[in-house]
Amino acid sequence: MKKTFWIITAIAVIFGAALLGCLRFFRTPRVNTVYIRSGGELIYTIDLSEAEDCEFDIEYNGGVNTIEIKDHMIHVKEADCPDGICIKTGWIGGQKGAAPIVCLPNRLVIEPADDTSDGRTR
């Protein structure tokens, strides 16, 4: 009976530790900072956790992208580029690992920052 108790206890501890490790490993923090580049130049560093809801335009060589920040997330709301891929990319501000928003015709990049990034182009 004592041996069975210790075996069950050991299995329960191992299972609990594995579950805790999995939860910690797969928990993904939110994106807090984004870098906005136009024509290859860093023009804005925005902390989404502190940003208020707003809209603003970014122009490059006659092209215009309207950027919207809402509920601590960011996306391209409107663009005058021919394909509109930047609009279809969606929002950044959810979980880390999000893809950057890129508008090639207007040379705009909205890139989520990682923990080691300082805004410089890699």
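User: Are Glu111 and Arg37 buried or exposed?

Analyst: Both Glu111 and Arg37 are buried (under 20% relative accessible area, where exposed is over 50% and partly exposed lies in between, with a 1.4 Å probe and protein chains only). This is a predicted model, in which local features need pLDDT of at least 70 and side-chain atom pairs count only at pLDDT 80 or more, while totals for chains, interfaces and linings use all residues. Residues are numbered from 1 along each chain as its sequence is written, and side-chain values use heavy atoms, leaving out hydrogens and water.

User: How many salt bridges are there, and which residue pairs with Glu111?

Analyst: Side chains of opposite charge can pair when their charged atoms come close. With a salt bridge taken as a side-chain nitrogen of Lys or Arg within 4 Å of a carboxyl oxygen of Asp or Glu, the count is two. In one of them, Glu111 pairs with Arg37, their closest N and O atoms being 2.5 Å apart. Glu111 lies in strand E7 (residues 108-112) and Arg37 in strand E1 (residues 33-38), so this pair ties together parts 74 residues apart in sequence; strands (E, at least two residues) and helices (H or I, at least four) are DSSP runs numbered from the N terminus.

User: Which residue does Lys77 pair with?

Analyst: Lys77 forms a salt bridge with Glu55, with the closest N and O atoms 2.6 Å apart. The pair links distant parts of the chain, since Lys77 is in strand E5 (residues 73-79) and Glu55 in strand E3 (residues 54-60), 22 residues apart. Lys77 is partly exposed at 33% relative accessibility, and Glu55 is partly exposed at 45%.
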